[in-house]
Amino acid sequence: MKNPLVIHYLETAIIKKDVMDQPDFCNYPIRGLPWTIVRDVGYSMSLQESEFFGGHLLLMELEAFEETEIMFSAPEPVVFTVVMIEGFFRFFQEEKLLSYAMGGSYYKTYNPSITARLKASAGKHVILVFALDRESLGLAERTYPPMEILMECIRQRSPHTVRLPVCKMTREVIDLWSCIRKVSSNIHVRSSDISSVVSRLIRIYQRQLKQGNVVKEQLSMEIANALIMYVDAHYTSDRDVRKAEIARRIGEPVSMIEGYCQVAFGRSLHKHIRDMRMGTVVRLLMDTDMSVRTIIASAGYSHGSNFFRLFLIYFGLSPSEYRRKNR
């Protein structure tokens with residue numbers, strides 16, 4: 001099975017394929033597999049992949065120096081087992097949050113034919129993804145009932161993402177990961193070894209689901225998207241983006257709002273609003289002839305002195321200097 005994901009890079013990306021020397025930022029190498037190395041403004045990324053009997057393996061290590069977005073697509077519907085080894089990823093279609101993955105956990109998901117964005121905050125993120133072909137999914141369905149949901153999505157070519165419950169990585173799962181850290185150079189032996197790991201991982205996952213050993217998720221996709229849409233619509237108003245007001249509008253306890261924001265935005269509510277306002281300021285400086293004072297008010301800043309201090313921290317220039325230098 002060939003890689004079911006297509007990653008779309010910007011023209012500024014520098015890509016090197018079939019690299020055999022371990023990149024300096026890689027901490028989780030699969031010995032014996034070459035790397036594809038991608039470097040762009042804001043991040044360095046490595047990819048290792050291998051086909052195996054009935055599926056495909058992909059290991060991604062991302063070293064992000066700032067908030068990073070990467071576009072990807074799945075030309076055909078596909079079922080993944082996602083193992084998030086380190087970090088935190090959020091997956092968006094347009095402005096809708098589809099799913100998220102947190103370090104030290106794993107789960108199964110159905111993805112339709114889709115083009116989406118992966119978002120990651122500054123830091124290290126490592127994800128291991130197994131995709132199964134239709135025949136292997138059919139075999140797994142007969143043995144593991146939860147797979148029926150994902151198989152039905154494949155049969156119907158459902159347009160909706162479906163994620164099964166998230167489980168924490170146990171010692172058994174960590175040991176399985178150790179099994180594939182060094183793969184055979186013989187493609188048939190390698191394929192057999194990886195297939196065995198995937199089969200064992202499915203069994204462990206099934207057992208954890210039966211035992212109810214799942215992560216008690218605090219944030220559903222419905223709540224996350226209600227939060228995102230509300231903040232996007234009101235971020236320029238100090239009154240409307242108070243935590244108490246957000247909680248009232250989306251119908252959730254105020255004590256949960258900050259934790260929800262960390263998942264939905266990858267940062268605190270305060271920093272997310274500040275970043276969005278600064279983004280608005282930059283767009284207006286570049287695209288309009290509005291006065292700086294008018295722009296400050298449009299972005300939601302009521303105190304000019306605070307704004308000028310923050311703008312200097314963000315960009316190292318005053319707004320007027322930024323406009324002159326970048327237009």
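Tutor: Happy to! A cavity here is a set of grid points where a 1.4 Å probe fits but cannot get out, and its volume is the space filled by probe spheres set on those points. Keep in mind that this is a predicted model. Counting cavities of 30 Å³ or more gives four.

Let's begin with the largest cavity, which holds about 310 Å³ of space. Its lining is made up of 19 residues, and Leu5, Phe72, Phe91, Ile127 and Val129 are the closest to its centre. Two or more lining residues come from each of strand 5 (55-64), strand 6 (68-74), strand 7 (78-86), strand 8 (88-93), strand 9 (96-102), strand 10 (105-111) and strand 12 (123-132). Strand 10 provides the largest share, three residues. Sorted by class, this lining has 15 nonpolar and four polar residues, with no charged ones.

Now turn to the second largest cavity, with about 60 Å³ of space. Around this cavity you can find Val83, Leu128, Phe130, Met169, Val173, Leu176, Trp177, Ile180, Val197 and Leu201. Helix 3 gives the most, three residues. As for class, the lining of the second largest cavity has ten nonpolar residues, no polar ones and no charged ones.

Definitions and conventions
Residues numbered from 1 in each chain as written. Predicted model: local features only at pLDDT ≥ 70, side-chain atom pairs only at ≥ 80, totals over all residues. Heavy atoms only, no water. 1 Å grid on protein atoms, 1.4 Å probe; cavity = no way out; pocket = protein on both sides within 12 Å on 5 of 7 lines; lining within 4 Å. Helix = DSSP H or I, 4+ residues; strand = E, 2+ residues; numbered from the N terminus. Nonpolar A, V, L, I, M, F, W, Y, C, P; charged D, E, K, R; others polar.
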